[in-house]
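Subject: Structure for your review

Dear colleague,

Please find below the structure that I am handing over to you. My notes on what was found in it follow directly after.

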Amino acid sequence: MTLPASELEIHETAAPGGDDSVVNVAGRSPTQLAIARFRADRLSMISFVLTVLIIVCAIAAPILVAVGVLHPNDFNQDLLSDDGVTPSGKFGGVSWSHPFGVDPGAGRDLLSRLMLAITSSLTIALTGTIITVIIGAVLGIVAGFSGGFVDAVVGRIIDLTLSFPQTMMLLALAGPVVQMLRGDVSKVPGLGFLSGPDLSNGLFVIVILAAFGWPPVARVVRGQVLSIREREFIEAARLFGASRSRLYFKEVLPNVWAPVLVYVTLLVPAYISAEAAFNFLGVGIKPPTPTLGNILAESVSYTSADPTYFFLPGILLALIVVVFNLVGDGARDALDPKSHR
Amino acid sequence: MKDEMSDESANAGMVGMAHEMADDRALAARAAGHGAAVAMPGAKPILEVDRLRMYFPVKSPGLFRRTVGQVQAVDGVSFQVAEATSLGLVGESGCGKSTTGRLITRLYKPTGGAIRFEGQDIADAKPAELKPLRREIQMIFQDPYTSLNPRQTVGSIVGAPLAIHKVLPKDKILPRVQELLEIVGLNPEHYNRYPHEFSGGQRQRIGIARALTLQPKLLVADEPVSALDVSIQAQVINLLQDIQNEFGVAFLFIAHDLAIVRHFCPEIAVMYLGKIVEIGDRDSIYSNAHHPYTQALLSAVPDVKQAASGSRIERIRLQGDVPSPIEPPSGCRFRTRCPIAQEICARHEPPLLQIGKRHKVACHFPGRLGQAPREPLTAGLLGVDSEGRPDPGASPSTDLVEQPGYADTWFDLDNKSIGRA
């Protein structure tokens, strides 16, 4: 006991009293540990901040349009040069009132259009991801936990879905399904206000993304569940007479969250670029409502006449995809400290 | 030549004796009304397992999974566990010990046989009927690293049974959890920590606390210490003994460590390939083993005293591997590795004969190490000759059904007579 400030002594003096030393002994859950690891990674944190900024942008854009700060659909013919197509001035008509310039042909403010495009693209991507994950997680858990016949059936459905020619389906079904969605959605009582071509076009993209996106999620979840259901804590829960829903949602689900979360963060950028690609093929939300996809599709024809209009949406799309992917990578590293890149 | 002669005459006497004994035993059993024999006068059995069988189907791969075979994991196991005592179940890997434990806790549904817990047969009970039983029979698992959900705090792990069975209001659960943590020697303030913050021994204590939550009467301990290092093993075993003394819990103690079983269990059953080959009280098994498999198992136990004096018993090395339980050998399942196996062993399965007050053995040639009889003792009982072929003149005993517990009469092999309680 000659070491005055040793940990040993602190422990010994604190232990008999007890109360002071044991008040705050709350353990850190695996989730809290993962968050701590995530915060320690600088690149992930920068990407995370940017992701949050993008999401804030997406939420703010429609509000700013409603308030009258952004004007995505105002035509400014006076800002176009004499040919009536390309914007006058350098870099696509960049000015203080139009920091990103205006779009050729109509002279609409590009910043407003891009911000609103983020809103529609992110909405489609996030909704698609959520539906994908719900379908995938539920089918994966049921297949993995039940095994046997159910597992075999789900497995064959997965094979069937994966072997379907997705792009062909997309193009072939676009016309009739969009029509059907337009009619049906407006018939649902209380959803009349949702009708309109943007909604049915957007819904079609979401349906296609979810319908063909769930199999990998189901496979990942099923694989996890297969290893978890053999662990003894599942038997212990059964021994207490735990119900099926308790087994699924309290014992199994918290243990498959990590890979699902990683998959979600990687699915969002994939769906954002998928939406852009669909628009290129002529499927999806049509102008004048802006999406990253339809702005890009339109800008391709102006590569030489107005390079700013071509590059800005492209760079923005690339930035969003990269940032979301980096967050996903960071999440994977944080949730699975044993994996190495 | 001379030796053989004398042996043969002696054996002839034995066979005759076996006949007499069989008749005598049958009479005794009939007098007892075929009821399961009482184990100990004072202690009534809390658990009685009667000819329990578990066959796992082996299925072909693919969508249409036909059953192509059966793994006979447990095949006709009978024993009793008395209140507040321990029965040790030993045997090598894959012999069906753990399956037996999981059948008794009804994690598996048995293929056949009866499991009577406090007189009630639970072998065919439906999930709804099982729920009250879950409070009475609990289990301690082998691996403390997989038996606790890593995403739940210790408090919710230990308190989960209380929440599921709604035995306590929500605000009373935490005090009870802390009480349980204190009983198993953990800091009660650690209830909101996660399993990964504890060592293996501490985790096993959490598992024990969880098993105790509903105050069970029977604990199935499935190799509770084999995943721990030796110094921790002793602590956990002592904890289990304290719990048994304090709460009067009966244990079915599954293990492969013979030294620990000897320390913990007054009664031991030795399993081989899904069957009990020898069962008896501690002394009968450890100093008076009559089955060649039990003798081989015991000779494999390292003994410090003998090693020090330099005079150790020669180890019996069993040849070959354990046969597949999908296609077990005909007759006696141990015969493929048995040093004293003969013709009859391939033809007939040896019945579990009671050879002491609390000692049963399933062997055609039961005897102490090196003193096995040359002629099968059981031939007369089975109505066959010493080679196992049917003997038209013999009158086979009809009372060889293996029941749990012990009878009041037995074959006294030393005195070649009928022993009585």
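Two residues are said to be in contact if their C-beta atoms, placed from the backbone, lie within 7 Å. Please bear in mind that this is a predicted model. On that definition of contact, 20 residues of chain A meet 27 residues of chain B. On the chain A side, helix 8 (232-239) and helix 9 (244-280) each supply at least two of the residues that touch chain B. Helix 8 of chain A gives the most, with six residues.

Chain A itself has eleven helices and zero strands. Buried residues account for 36% of its 341 residues. Among the contacts in chain A that link residues at least 6 apart in sequence, 67% join residues at least 24 apart.

Chain B contains an open sheet of eight strands, in the order 6-7-8-3-9-10-12-11, with mixed pairing. Its edges are strand 6 (137-140) and strand 11 (353-356) of chain B, each of which pairs on one side only. On average, neighbouring strands of this sheet are turned by 20° against each other, with direction ignored.

Strand 3 (residues 86-90) and strand 8 (residues 250-255) of chain B pair in the parallel sense, over five bridges. In this pairing region, B:S86 stands opposite B:F251 of strand 8.

Finally, I turn to the nonpolar interior. As a general point, nonpolar side chains in soluble globular proteins tend to be buried together. The largest nonpolar core of this model holds 162 residues. Those that touch the most other members are B:L218, B:L252, B:F253, B:A269, B:V270 and B:I276. Helix 4 (residues 110-146) of chain A provides the largest share of this core, with 14 residues. Which residues does B:L252 contact, leaving aside its neighbours within four places in sequence? They are B:V81, B:L87, B:L89, B:G101, B:I104, B:L218 and B:V220.

With kind regards

Notes. Residues numbered from 1 in each chain as written. Chains lettered and ligands numbered in written order. Predicted model: local features only at pLDDT ≥ 70, side-chain atom pairs only at ≥ 80, totals over all residues. Helix = DSSP H or I, 4+ residues; strand = E, 2+ residues; numbered from the N terminus. Buried ≥ 20, exposed ≤ 12 C-beta atoms within 10 Å, placed from the backbone. Pairing = 2+ DSSP bridges. Axes fitted to C-alpha atoms, helices over the stretch in contact; angles between N-to-C directions. Core = buried A, V, L, I, M, F, W, Y, C linked by C-beta atoms within 7 Å.
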